[in-house]
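Trainee: I would like to learn how to read a structure like this one. Please take me through it feature by feature.

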Amino acid sequence: MNSTQSEAKRIEELRRLLQQASYAYYVLDNPMMEDTVYDRLYRELQELETQHPELITPDSPTQRVGERPTTHFTTVRHNIPLYSLENAFNIEELQTWDKRWRRHLPNQYLHDNVDYVAELKIDGAALALTYENGILVRGTTRGDGVTGEDITQNVRTIRSIPLRLNFDGIPEIAKVEVRGEAFLPVEVFQEINEKRQKAGEQLFANPRNAVAGTLRQLDPRIVAQRQLDFFAYTLHITGVDDSGVANTQWEALKLLQKLGFRVDGNHKLCHSIDKVAEYYQYWDTERLNSPYMTDGVVVKLNTFKIQEQLGFTQKFPRWAIALKYAAEEAPTRVENITVNVGRTGALTPLAEMKPVQLAGTTVSRATLHNSDRITQLDIRIGDTVIVRKAGEIIPEVLSVIKELRPPDTTPFIMPSHCPVCGQPVVRESGEAVTRCVNASCAAILKGEIEHWVSRDALDIKGMGEKLVHQLVDKGLVHSVGDLYDLTEDKLCALERMGQKSAQKLISAIAQSKNQPWHRVLYGLGIRHVGSVNAQLLTEKFTTVEKLAAARQSDIEGVYGIGAEIAQSVYQWLNVSANQSLISRLQSIGLQFANMEKAEVATEVNDNFAGKTFVVTGTLPTLKRDEAKDLIKKAGGKVNDSVSKKTDFLVVGADAGSKLEKAENLGIKQLSEAELLEMLKL
């Protein structure tokens with residue numbers, strides 16, 4: 001065997017091993033190797049494929065993220081239509097459906113007991129996946145059910161979707177079509193919105209909208225950053241006798257798992273419609289503890305032969321129905337309408353309401369988005385409104401009950417001047433957002449500093465929102481550059497700031513000078529420039545001087561950078577005040593050029609080496625991401641879900657189902673203080 005043959009064999013071995021590891025991690029929730037081992041094998045595969053590009057195949061784990069964004073999505077016709085489901089909104093409507101399908105079924109099928117499969121209706125975006133000879137060849141959106149968009153490049157980035165099917169112990173299947181739901185876990189969704197808020201970007205209203213927006217990104221690297229997940233729920237097969245593979249929906253779900261897909265483990269085989277009703281009633285409450293959003297229960301007749309006999313109406317399958325949770329709505333009174341000013345100067349109106357319970361949380365504020373939405377609702381202070389949070393993370397004012405409107409109310413008008421600095425505001429043509437354009441506005445300055453010190457930017461620990469507000473309100477900071485002039489004496493004069501805390505903060509500010517160029521660029525808060533775009537730009541323009549000298553067309557030519565981002569960067573860099581800020585930060589010692597740095601090994605803490613941690617709830621002082629980073633730096637491993645492999649659960653306030661599962665498994669719990677003690681911090 002020559003060297004090329006040997007390396008080809010090694011490439012195939014690595015692909016198979018990495019595929020097995022992904023299956024164990026994402027489907028079985030039972031990791032077979034440490035992350036460091038996986039990473040080392042992955043890098044070995046990358047190096048071998050670089051040396052032998054002719055051996056790269058579409059199912060290789062290295063091909064999950066393409067090298068180039070697409071310019072558009074192609075519309076394709078589904079091989080099998082993706083029908084929508086008929087909806088039921090209560091148990092009575094479910095029972096009516098049960099009687100109706102029975103009238104359409106020949107009597108011989110009713111002699112046997114009829115089983116149902118109940119599955120949670122995941123609130124995400126439907127995908128259709130096509131596999132040929134076990135290899136993923138196409139991933140499409142649902143579209144109108146007949147045609148969808150080919151987003152294969154984006155589908156490949158979802159790590160719970162196998163690139164190659166596992167046919168071990170299963171007859172080879174020439175063609176497989178799998179339907180399922182792409183979704184975002186609630187924790188991941190909240191982290192995405194936190195980052196968007198710090199970047200001055202519009203927040204996603206709910207995980208479903210975030211998933212839909214993510215899947216339509218032209219750059220697959222952005223999709224990969226969002227950490228989408230996927231549950232499979234429908235299997236269509238050709239090229240083999242169906243009866244030899246799966247005869248029921250229950251068997252199909254088991255087969256999907258064997259093929260390498262994640263299947264939501266909460267599905268249940270029900271032997272009567274009453275058992276389906278019990279399942280629905282249980283999840284109508286329990287869904288509040290779920291790590292992902294669900295807006296109902298999907299009920300399917302279990303046997304495929306019965307499904308075939310019943311067939312479809314013009315719109316729906318007769319053998320399935322979606323039993324939706326009642327939309328959780330509540331009336332409350334608008335006590336005030338305030339206007340918040342963000343980092344980019346955007347004015348966002350907020351309804352301040354009498355507190356009301358919705359979906360297990362107390363809601364007292366709801367965004368009104370912009371002046372157009374206010375006009376549409378005709379909402380006024382004193383109005384009684386209907387607030388909805390049905391599967392929504394962000395509360396929404398659904399409507400105004402005008403019959404209950406007090407006689408002395410007046411229409412709310414967006415301010416013509418900034419409520420913080422008093423300067424005139426503007427609304428550009430074609431935009432729904434009204435903005436303050438005064439660069440010296442205290443609200444904008446506070447937002448800029450909060451963004452600068454944030455985790456993905458300069459990561460200055462100890463510089464929280466309240467401290468930032470004090471620094472600005474007391475005139476100690478007028479730009480991010482002023483942070484580097486702070487002294488212990490200045491900080492100790494602030495509320496709740498002792499000498500030790502001041503010393504730590506001064507040290508953290510000094511350490512931020514070592515942050516790389518891409519973090520500094522992101523920290524500058526240029527509109528539309530997120531952390532991913534900042535990395536793309538600094539890969540091309542390795543110094544700020546090169547970026548400042550670039551034409552707008554040069555910036556737009558960077559992979560993944562569109563016209564809107566390029567224009568924003570070009571205009572920002574040509575403002576004299578921004579040029580002065582860059583010069584000042586350079587003189588302070590901030591990094592405005594890429595530098596080659598030797599890798600520094602993290603000092604492993606014996607308390608953490610080889611241990612797996614899960615973090616849940618709200619910790620007293622640390623954010624979850626901060627706690628996870630500390631654990632990883634100490635040599636520990638962090639998972640998002642509790643399993644028998646978990647060694648420690650770090651518990652904060654309002655811990656949910658993870659705490660219950662950990663208690664059932666006898667997993668040791670740690671408070672934040674106990675975690676910090678283990679870290680010796």
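**Strands, cores and loops**

Mentor: Strand β2 (residues 87-88) and β11 pair in the parallel sense, over 2 bridges. Two strands pair if DSSP finds at least two bridges between them. This is a predicted model, in which local features need pLDDT of at least 70 and side-chain atom pairs count only at pLDDT 80 or more, while totals for chains, interfaces and linings use all residues. Residues are numbered from 1 along each chain as its sequence is written, and side-chain values use heavy atoms, with hydrogens and water left out.

Trainee: In β11, which residue is the bridge partner of alanine 88?

Mentor: Leucine 323 is the bridge partner of alanine 88. Strand β10 (residues 294-301) also joins β11, running antiparallel through 5 bridges. There, lysine 300 has alanine 320 as its bridge partner. Helices (H or I, at least four residues) and strands (E, at least two) are DSSP runs, numbered from the N terminus.

Trainee: How many residues are in the largest nonpolar core?

Mentor: A nonpolar core is a set of buried Ala, Val, Leu, Ile, Met, Phe, Trp, Tyr and Cys residues joined through side-chain atoms within 4.5 Å. The largest one here has 54 residues. Trp452, Ile460, Met463 and Leu483 have the most contacts inside it. Elements giving two or more residues to this core include α12 (442-452), α13 (465-473) and α20 (563-573). The largest share, 5 residues, comes from α20. Apart from this core lies another, of 43 residues, among them Ile173, Phe204, Leu235 and Leu253.

Trainee: What is leucine 483 in contact with?

Mentor: Contact means heavy atoms within 4.5 Å. Leaving aside neighbours within four places in sequence, leucine 483 touches Ile449, Trp452, Val453, Met463, Leu471, Val477 and Ile509.

Trainee: And α12: how many of its residues are buried?

Mentor: In α12, 8 of 11 residues are buried. Among them are Ile449, His451 and Trp452. The buried residues of α12 pack against α5 (186-198), β12 (329-341), β18 (434-436), α13, α16 and α21.

Trainee: Where do I look for a positive phi?

Mentor: Most residues other than glycine have a negative phi. Asparagine 133 has a phi near 50°, a positive value. Its place is in the loop between β4 (125-132) and β5 (135-141). Asparagine 133 counts as exposed because its relative accessibility is 60%. Histidine 369 has a phi near 70°, also positive. Histidine 369 sits in the loop between β14 (361-367) and α11 (371-377). At 42% relative accessibility, histidine 369 counts as partly exposed.

Trainee: How far apart in space are asparagine 113 and histidine 271?

Mentor: They are 7.5 Å apart, C-alpha to C-alpha, and 158 residues apart in sequence. Asparagine 113 lies in the loop between α3 (91-104) and β3 (116-122). Asparagine 113 counts as exposed, because its relative accessibility is 76%.

Notes:
Buried < 20%, exposed > 50% of the residue type's maximum accessible area, 1.4 Å probe, protein only.
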